[in-house]
Each structure stands twice: as structure tokens, then as C-alpha cells.
Amino acid sequence: MLNEVLTAIDHSPKLASLFKSCPLYLLERIKKQDFSLGKFQLFQGNPYEFTYLLVSGQIKVYLMASNGKSVVLDIYGPGMFIGEQEAIIQKPYSASITNITDVTLLRMANNDFNEWRLYDQQFANKLIYNLSFQIYNLTQRTERYSLHSATEQIITFLIKEKKQNHQVNREQLTFEVDTSYRNINRILQNLVDLNLLAIKNGKIHVLNEKELALIAAGTNEMRDL
């Protein structure tokens, strides 16, 4: 079991740095777990005994209302903790969790996590950085959801991903835009009809970044698309 954990840690420089000064007796109690798509789920309002560290894959953090409507708070990648805030303040989960890809996780008891945090100043500093990064991302997402239309959110995300040479599909937009899947499809089709986007093999391609940016900025009649 320890060898599996060490192998997972050694494959990532970020994780290796994080665990560099972890006490061995705590490291020996960590368990490696693998989950296929959608099989790792934790729910807001419920208490859990474990804190998790994402080794590979992606995790969706979201809120779910009683009427079934949900809103995505963040998408976590490797190196992010799950449940660390709740472990520190000893509260039920404030949001729900599910994996949107196959994932590998490291699981530790909340008590062990808190002991590590108090014992290891280097780890505590990195934890503060991670939490600050999460708050920063949440603030940016809240600003997008609150102040920008669905069209603006879609265009802004597509342009940002294009600049980073990332390919985007419809499913990714559901994690980044506060609107329904049906409305996303409607907006995309309108933009395709305007020859501003193309969709091939499920991938969305930006054809005219300049015109899209004008729409997102609200400088032409397509603002309320």
C-alpha cells in the first residue's frame, strides 16, 4: 500500500514537493484510490471523515439546489485537495463533489491531515497557497456568473482556451457557463450561423476572434444573443 502511494507521489513534482516533509507514520496511513468517471461522489451538507488529494484527472465542485438546478464552483486538477477546508473547521461539506474523468486520489483521515498541517510548516504554507488559489478562482467565476450574460461567458472562455491552444467541447462549457445545456447549444448554433465558430468532431473552433470579442464586449447588436 505504501509503495502505491509513493509511486503516485513520485510521478508528480508538485506532489513530491508537497510530501517532502510529511512524517513517515502519517504517510503510511494514506491510501491510494482509483475511480472511474462519475464514481467518486461527496455531497454538500454531509460530514466526511477523510481528506483527499487529487493525483490525476479532474473533479467538479458544485452546488445543488432542491429544485435540481446546479452551479459549478470550480474544476480541480492534480495537486488540489478535497475536503481540507471542512477538515480544518470540522464542518459538513459546503459543496458537492464528483469526478468528470477517471481519477486517482490519495485519501487520509481528517485527524491525520490536521496533524500533518500542524506539524509541518512547509506543508501548511503550501496549503494556504492552495486555499488562496481556490478563493481567487471562485471570485473570478462568481464575477462571470453575476455580471456577464451566457453569451459573454461562452465567448470569453472560448477565446481564453484558444489563446492557450486548448480544444473545447460542449461538455466543458457546461462546467464554465451558468446556463442550461440547451441554451449553450442555441448560442453556439447562432455563432456558427454567423461564421464566427465551427464545430467539427465535437470540438469547437474559433474562426473570428475579433468579432467574438466585440460581441462579448457588447459593442454590437449581438450582445443579447
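**View 1. The largest nonpolar core of this predicted model has 21 residues.** Inside this core, the residues with the most contacts are F19, F81, L106 and W116, where a nonpolar core is a set of buried Ala, Val, Leu, Ile, Met, Phe, Trp, Tyr and Cys residues joined through side-chain atoms within 4.5 Å, and buried means under 20% relative accessible area with a 1.4 Å probe, protein chains only. Two or more residues each come from α1 (2-10), α2 (13-18), α3 (24-27), β3 (50-56), β8 (103-109), α5 (110-119) and α6 (121-147), the helices (H or I, at least four residues) and strands (E, at least two) being DSSP runs numbered from the N terminus. Another core, of 20 residues, lies apart from this one and includes F157, L191, L197 and I215.

**View 2. The surroundings of F19.** Leaving aside neighbours within four places in sequence, F19 is in contact (heavy atoms within 4.5 Å) with I9, L27, I30, L53, L106 and W116.

**View 3. An open sheet of four strands, in the order β2-β7-β4-β5, has antiparallel pairing.** Because β2 (41-42) and β5 (70-76) stand at the edges with a single partner strand each, one side of each is left without a neighbour in the sheet; two strands pair if DSSP finds at least two bridges between them. Four bridges join β4 (residues 59-64) to β7 (residues 96-99), and Y62 stands opposite S96 in β7.

**Notes on the model.** Residues are numbered from 1 along each chain as its sequence is written, and side-chain values use heavy atoms, leaving out hydrogens and water. In this predicted model, local features need pLDDT of at least 70 and side-chain atom pairs count only at pLDDT 80 or more, whereas totals for chains, interfaces and linings use all residues.

Definitions and conventions:
Buried means under 20% relative accessible area, exposed over 50%, partly exposed in between (1.4 Å probe, protein chains only).
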